Amino acid sequence: MTKPIWIKYAANLATLASEKKGPRSKEAMSDLGLIEDGSLWMENGLIQAVGTTKEIEELYADRLHEAEVFDASGYLVTPGLVDPHTHVVYGGSRASEFEMRLEGATYMDIMNAGGGIHATTRMTREASEEELMEQTLRRLDSFLAHGVTTVEGKSGYGMNLETELKQLRVMKKLQEKHPIDLVPTFMGAHAVPNEFKGREDDFVDHLINEMLPIVAKEKLAEFNDVFCEKGVFTPEQSERILEAGKNYGLIPKIHADEIESYGGAELAAKIGAISAEHLLKASEDGIQDMAKSGTIACLLPATALYLREEAAAGRRMIDEGVAVAISTDCNPGSSPTTSMPLVMNLACISMRLTPAEALTAATYNAACAINRQEKVGSLEVGKQADVVLWNVENYQELQYLFGVNHVKSVWKKGVQVVK
Ligand code: NIG
Ligand code: FE
């Protein structure tokens with residue numbers, strides 16, 4: 001029998017709990033359910049009670065001696081962070097492209113010349129399953145060290161059935177090897193592979209008829225994502241792919257309006273995508289459509305910074321009623337980071353989210369973007385005991401002292417995984 005864990009005296013405990021269920025926008029993103037002198041009782045991998053230290057002392061009066069106690073005085077406690085958008089499984093590195101971009105080449109120039117996503121596709125096709133596992137494990141360790149306890153991961157560096165399945169299987173196997181919960185997304189439509197160059201519609205047919213049915217049959221993915229971008233997949237092709245996925249129970253997501261305004265946000269709203277990603281160049285109509293449809297905007301300010309582009313209009317989206325989540329976009333080309341704390345800082349600095357909104361975007365709303373809000377994203381009775389203890393007193397300090405990893409301890413399903 002493992003001992004119950006009792007965290008007590010937390011300077012501030014941000015529960016993110018709310019009566020209202022579902023993605024949050026406007027004022028609801030500022031309500032962190034804060035408890036001063038907070039306390040948390042975890043047992044059997046779940047949160048059993050949350051309240052002030054006095055309340056928990058009364059509730060468990062006859063069992064306090066059984067618990068392993070953590071004194072959190074002077075520290076902030078939050079739910080484990082959720083990263084709802086990554087390309088974490090990939091082979092090789094693209095450090096040389098980083099230098100090319102610094103010298104003036106654009107992201108799309110490099111991709112159109114056979115580099116970018118195509119370069120990682122070559123390296124991922126060549127890598128063995130073991131090599132991919134090994135590389136991905138190291139990245140997952142880094143996520144955990146930054147307070148992230150749930151990570152969405154996409155395929156998309158195969159663009160043929162064999163390698164797409166290899167990436168998705170790696171994610172499945174990593175579930176048994178690593179404490180982080182991985183949530184798999186099929187993204188066969190990440191680019192048109194070289195062998196289909198000039199035959200884009202044939203690739204779309206191939207993906208719909210040959211890849212989707214097998215991914216679905218093997219239950220290797222929950223979501224289906226498309227890079228809807230000028231020169232990659234048109235809105236019409238994207239719609240076909242995402243509608244086909246729906247028939248297999250795969251929930252649509254879209255990489256939308258990242259480089260150019262291309263109707264991606266509008267499409268996401270139209271087909272009922274759970275989220276639209278990037279949105280750097282989303283149109284005003286697209287933002288209004290998303291507010292109406294309840295599509296979550298998954299914003300990636302580290303990608304904007306890394307591509308030296310202006311970040312998405314996060315502030316305006318929230319004011320217009322769009323629920324905003326944030327993510328690293330961890331990938332070898334446009335955002336090779338595993339730091340959600342940095343992404344929260346950037347959400348404030350470059351998108352003018354408030355510190356409270358940034359925390360909601362990285363926890364509860366992020367969980368909603370991957371359909372995990374019943375299990376993670378807030379500290380509420382019955383939810384997974386995924387908890388972070390931060391070396392700061394409150395959430396304002398967490399966002400203000402930027403570019404620093406303030407993680408002190410992490411518990412995943414009630415087990416301390418970062419000491
Ligand atoms: O989300 N934009 C498309 N996909 C990724 C980048 C992938 C890569 O460059 O390898 C993104 O930015
Ligand atoms: Fe991405």
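## Strand pairing

Two strands are taken to pair if DSSP finds at least two bridges between them. The structure is a predicted model, and in it strand E5 (residues 76-79) pairs with E14 in the antiparallel sense over four bridges, with valine 77 standing opposite leucine 389 in E14. E14 also pairs with strand E15 (residues 407-412), again in the antiparallel sense and over four bridges, and there leucine 389 stands opposite serine 409.

In a regular strand the side chains alternate between the two faces of the sheet. In strand E14 (residues 387-390), Val387 and Leu389 point one way while Val388 and Trp390 point the other way, and all of these residues are buried.

## Annotated binding-site positions

An unreviewed UniProt entry places the feature "binding site" at Arg94, Tyr157, His190, Glu258 and Ser334. Among them, glutamate 258 is found in the loop between strand E10 (251-256) and helix H9 (264-271). Because a residue counts as buried if 20 or more other C-beta atoms lie within 10 Å of its own, glutamate 258, with 28 such atoms within 10 Å, is buried. Residues up to four places away in sequence not being counted, glutamate 258 touches Glu229, His278 and Leu280.

Serine 334 is likewise placed in a loop, the one between strand E13 (324-326) and helix H13 (340-351). Is serine 334 buried or exposed? With 24 other C-beta atoms within 10 Å, serine 334 is buried. Leaving aside neighbours within four places in sequence, serine 334 is in contact with Tyr107, Thr303, Tyr306, Leu307 and Asp329.

## The nonpolar core

The largest nonpolar core has 129 residues, and those with the most contacts inside it are Leu40, Val77, Ala276, Ala297, Val324, Ile326 and Ala362. One of these, Val77, is the residue that stands opposite leucine 389 in E14, which links the core to the strand pairing described above.

Isoleucine 326, another residue of this group, is in contact with Leu299, Pro301, Val343, Met344, Ala347, Ala358, Ala361, Ala362 and Ala366, leaving aside its neighbours within four places in sequence. Ala362, one of those contacts, is itself listed among the residues with the most contacts inside the core.

Methods
Residues are numbered from 1 along each chain as its sequence is written. Chains are lettered from A and ligands numbered from 1 in the order in which they are written. This is a predicted model: local features need pLDDT of at least 70, side-chain atom pairs count only at pLDDT 80 or more; totals for chains, interfaces and linings use all residues. UniProt positions are given in the numbering used here, feature names are shortened, and annotations may be inferred rather than shown by experiment. Helices (H or I, at least four residues) and strands (E, at least two) are DSSP runs, numbered from the N terminus. A residue is buried if 20 or more other C-beta atoms lie within 10 Å of its own, exposed if 12 or fewer, and partly exposed in between; C-beta atoms are placed from the backbone. Two residues are in contact if their C-beta atoms, placed from the backbone, lie within 7 Å. A nonpolar core is a set of buried Ala, Val, Leu, Ile, Met, Phe, Trp, Tyr and Cys residues joined through C-beta atoms within 7 Å.
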